[in-house]
Amino acid sequence: VALAEEVRRDDPGGAGEFLQVQQAASGPFRYVGYGGILYPGDEARGRNYMERRLDPAVQAILVNGRPIFLNLDEIQGYNPLQLQRYVDYVAAMNGEPQDYHTSYLLPGGTTSPLLDLLDTRYVLIDASLPQDREDVTALREGRSEVFRNNEVIIYETDDLPGRAWIVHDAQAVGPGEALPLLTSGSVDPRVTALLEGPVPPLAAPGSEASEVAEVTRVDPDGLTLSTTSSADGVLVISEVYANGWRAWVDGAETPVLPTFHALQGIALPAGDHVVTLRYEPLSLRLGLWISGISFLAFLVAAFSRLWAHLQGDQA
């Protein structure tokens, strides 16, 4: 029964059903399930979520493989091929590293400003955790309770930057320099972008300017946004940076820069624009070309053999 629950594509009466309804109504977001693993002195939750994957309390907070089956986005989990930038980001968020293939929200990360930059709209907390414990209290602060049953409590964060936002100030930083500035509170990421690369031309918006960065389409290998900016700025996208990401503003390609160490940023001119991002690493493009040429060569060889065979029959 527990194994069947792990691979269900619905979660009637649970957090999964609630989040699916919210996603259908408002579009994409991310969440994090929190069960208090590695909290000092809590031996009952000392093992990680994978080791306790059939525990009803762990299944209720939708960790491990549950978001895949429910078509939801979570910020943590197991991946043997994690991007190093994201590993660094989660370690900075928690204040400590983890085993190389896991990235979980730990007690030390519950107060981190880095959590909101991942568009973590909902926090799912194991309802059996002591409600006055400092990690639980930290996750409740600034969030509103929106769902509860016997196994899980969901809190929503209203004041998030979102999946993308526009800033009109930026600083150039070297690799590894952004995370200490963020965790110390020295930089407000809603105002200033920390870019690994040249800072594009920027201008201050008007006092009554309206800034919009709305995701209109999400694909497995990219996304599309509609933006409005009254002045030149930087569009920060809460997607993990990797070599191979490409961006176009109204069809004109523009560089994608590592931003806040693990996210993405592009130069955004003033005005209304459609921004498209796609993950197209050079290895993939070369592979497609090689596959296409190989297939064409196969067709030519097959046609040649067929032609020779037909000519032989006619002789």
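Phe260 counts as buried because its relative accessibility is 0%, where buried means under 20% relative accessible area, exposed means over 50%, and partly exposed is in between (1.4 Å probe, protein chains only). Keep in mind that you're looking at a predicted model, so local features need pLDDT of at least 70, side-chain atom pairs count only at pLDDT 80 or more, and totals for chains, interfaces and linings use all residues. Residues are numbered from 1 along each chain as its sequence is written, and side-chain values use heavy atoms, with hydrogens and water left out.

- Most residues other than glycine have a negative phi.
- Phe260 isn't a glycine, yet its phi is positive, at about 55°.
- You'll find Phe260 in the loop between strand E15 (257-259) and strand E16 (263-268); helices (H or I, at least four residues) and strands (E, at least two) are DSSP runs, numbered from the N terminus.
- Leu38 also has a positive phi without being glycine, near 65°.
- Leu38 sits in the loop between E1 and H3.
- Is Leu38 buried or partly exposed? Its relative accessibility is 49%, so Leu38 counts as partly exposed.

**Helix H2**

- H2 covers residues 15-26, which makes 12 residues.
- From first C-alpha to last, H2 reaches 16 Å, close to the 16 Å expected at 1.5 Å a residue; the expected span is 1.5 Å times one less than the number of residues.
- Which residues of H2 are buried? They are Ala15, Gly16, Phe18, Leu19 and Gln23.
- Why are they on the same side of H2? Because they cover an arc of only 160° around the axis, going by the directions from the helix axis to the C-beta atoms.
- Those buried residues pack against several elements, including strand E1 (30-34), helix H3 (56-60) and strand E4 (120-126); contact means heavy atoms within 4.5 Å.
- Turned away from the buried side, the other face of H2 carries the exposed residues Ala24 and Ala25.

**A five-stranded sheet**

- An open sheet of 5 strands runs in the order E10-E11-E17-E13-E14, with antiparallel pairing; two strands pair if DSSP finds at least two bridges between them.
- Its edge strands are E10 (212-219) and E14 (252-254), each pairing on one side only.
- E10 and E11 (residues 222-229) run antiparallel and are joined by 7 bridges.
- Gly222 in E11 is the bridge partner of Asp219.
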